[in-house]
Amino acid sequence: MTTADGVTVPRTSPRPNAALTGGPISEGRRRRRRAENIRGWVYCLPFLIAFGLFLIWPTIYGLWMSFTGTSLAGTKTGFVGLANWTEALGDANVWTSLANTAVFTVLSSIPLVLIAMGLAILVNVGLPGQWFWRLAFFLPFLLASTVVSKFWNWMYNPQLGLVNTVLGWFGITGPAWLQDPSTAMISVVITTVWWTIGFNFLLYLAALQNIPDQLYEAASLDGAGRWRKFRSITVPQLAPTTVLVLVLQLLSSLKVFDQIYQMTSGGPGGDTRPVLLYIYEVGFTGYRLGYASAISYIFFFMIIIVSLAYMVISSRRSVKA
Amino acid sequence: MTRRSMLQGLGGLGALGATGSLAACGSAGAQGVGDLAYWHLLSGPDGVTMTELVDGYTATDGAPGVKQTVLAWGAPYYTKLAMASSGGRAPDLAVMHAARVPGYAPGGLLDEWDLDLLGEFGVKKEDFPELIWDKMVVDDKLTCIALDSHPFVLYYNTDIADAAGVLGSDGLLLPTNTPEDFRELALELGAKSPSGYGLSWGYLGDGSNQWRMFSTYYTQLGGTIELPEGGTMQYQEELVVQTAEWILSLIDGEVGNPGNDGGTAISEFATGSTGAFYGGVWESGSYRNEGVPFDMTVIPGVFGEPAAYADSHSFVLPHQSSPDEAKRRSVHEMVAYLLKNSISWAGAGHIPAYSPVVQDPAYAKLIPQSHYADAIDHLVYDPPAWFTGSGSDFHTYFGNDMQNVWARRTSPLEGWNAFVARINDLLAKPSPM
């Protein structure tokens, strides 16, 4: 420990005069502190065991597996070096599914942030029956992904579905939404936006209600109009929430799996297959756990690179500010 | 799967849960053999029928209890079975699709059946049709015991067919031997169908159903497919194109709806708005419940001998590190019982694999079952490989690449070549089994 004037004092004596008061007290204190430490660790133990068993160990074991030919069917071909990794880097399906994940993330994150903010602002301006809008926007989020997928599948059904029936009233022949390569991904995105927007909406609504009224009052006194107040008060005040929502959204969009597996199983022709679905296919229906692990790690490293880039950019920006 | 059969499946699952626990109670006092653990993928009406059969067995003298575990059909089922078997703590008995067995067996995931022991319970090699027996033996070992075969067939609405004048004096669909004849017949059906379509075939988003249709006509044309490990896929390109063009002519917007998914095709036929429907025999239960007047036939051989794409539910012994002799004996006894009583299994549309049941006069009285029983002479299974069979990646990939062909977005050869490239990728890698 280093004090302000640069004198180094022993760690065990928190105060400079501790040495003067003699050994026994500091000895007792040390013992008590150790007991407290042990108690603390014991309280943490259940969590640490679960954390180690279900997160740390699988992460390490997965990395090891990526260097082996481990198969789900139990046949082990042992250490294969970098074979899985080089195969994965040369596998076109890895790259197309990574691209699909990226496309899905971009297409879904933007509306999930902007529309959520828009809905929250609309509800917050004092629409009558606020509880109803809050409920209506949040309710879909409570549904299980299976339920959401099933009924959107029926709505997108090319012959019997609601979407094409409604389009038919206007004389438009709708496409086979989930089976047409040009509409499949966007259809899944629309479903996802409808399903998960409630969560972001709620975060924004809470943030809006935390903006002090005085700010708006003061601005009004200065003659600011609605748009001016929105731009100069609401948006900046929401900035921390926007960062939070965006980060949470990117993370959840990157790990998209359920609704795509259930709605298109990655089709048509692999056009909606995200990388996690490909990993699942390779590992669990193709039995090649070793290879699947290698792809998982490639995806993992890419997320780390993106996160680092984000951190560097945002820290540089805050330095400038 | 229709919504109706889903609901029935849920009901069936409830019933299974109940009987499972009852069986567990009943067997506590039985002579030492513990409950048999039995995994299968039969839900819906099939699950109910299976439960009745199993209950029949457990009621016989000295039978142990049977604990059924029903898992969803498709890839996850096989994943779980493989994991259980590789861990050596597998169930005592499981159901697999026969076409998937060749992929499983070489890896040591399945134990061998004892034909002598089955013989003791009255089941012999001669009791199975040749095409099915061939599927049961893998690498000279009796690896699975087929319960049935469930071919891909043609359903037709008897009222519409009658109105169109395409029924013979025996009340059956008139035979058609050439593509032109068949098209003519389909158009006549369409003329009398409310939707104007003679045929219904659902393919969107359903790789398996696309493969069933393709495999049926490709085989009729004499096409074959081989999947040598470490090599490349062997096939006849000319016949592939011919098959694809023929299928396209059936969904040209004149004979059939050009953009059906499975659910739509089923509902078209179930509501009596189309004349005929291509589908697996397992849909027959739903149609009977709907009350639509229908009959079924083997898909006519318009290019030569008829062919019926099929798979078989079959019994396997998942590998156990130290199998219990008494349990193994009970399992043989149980399977023999199920085979001999599979007449009730025929109710669901499947053709029992155990010939004495099909040859029994009682089976001839089952209609429409007896009208397509000749399919057992024309069965075509998936080409053997570790990645083929019902619900396999092979079907998924076929659907992924060929759907664009059926939807007229790419040419047949373009779609096919993309599919072949993916299969060749799989062949190039060592089998993980």
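This is a predicted model: local features need pLDDT of at least 70, side-chain atom pairs count only at pLDDT 80 or more; totals for chains, interfaces and linings use all residues.
A residue is called buried here when its relative accessible area is under 20%, exposed when that value is over 50%, and partly exposed in between (1.4 Å probe, protein chains only).

Residues are numbered from 1 along each chain as its sequence is written, chains are lettered from A and ligands numbered from 1 in the order in which they are written, and side-chain values use heavy atoms, with hydrogens and water left out.

**Chain B as a whole**

Chain B has 18 helices and 15 strands; these are DSSP runs numbered from the N terminus, helices being H or I with at least four residues and strands E with at least two. Its radius of gyration is 22 Å, close to the 22 Å that the globule rule gives for 433 residues, so chain B is as compact as a globular protein of that length. That radius is taken over C-alpha atoms, and the rule is 2.2 Å times the number of residues to the power 0.38. Along the principal axes, the C-alpha atoms of chain B fill a box of roughly 65 × 50 × 35 Å.

**Where the chains meet**

The contact between the chains takes 31 residues from chain A and 31 residues from chain B, with contact meaning heavy atoms within 4.5 Å. Chain A and chain B bury about 2,500 Å² between them, 53% of it on carbon and sulfur atoms. Q159(A), Q179(A) and Y287(A) supply 23% of the area that chain A buries against chain B, more than any other three residues. Buried area is the accessible area (1.4 Å probe) that two parts lose on being put together, summed over both.

**Backbone details**

Most residues other than glycine have a negative phi, and most peptide bonds are trans.

| Residue | Phi | Loop in chain A |
|---|---|---|
| S265(A) | about 40 degrees | between α10 (258-263) and α11 (275-285) |
| Y287(A) | about 70 degrees | between α11 and α12 (289-320) |

S265(A) is partly exposed, with a relative accessible area of 33%, whereas Y287(A) is buried at 1% relative accessibility.

In chain B, a cis peptide bond joins I367(B) and P368(B), with omega about 10 degrees. P368(B) sits in the loop between α16 (361-364) and β15 (379-380) of chain B.
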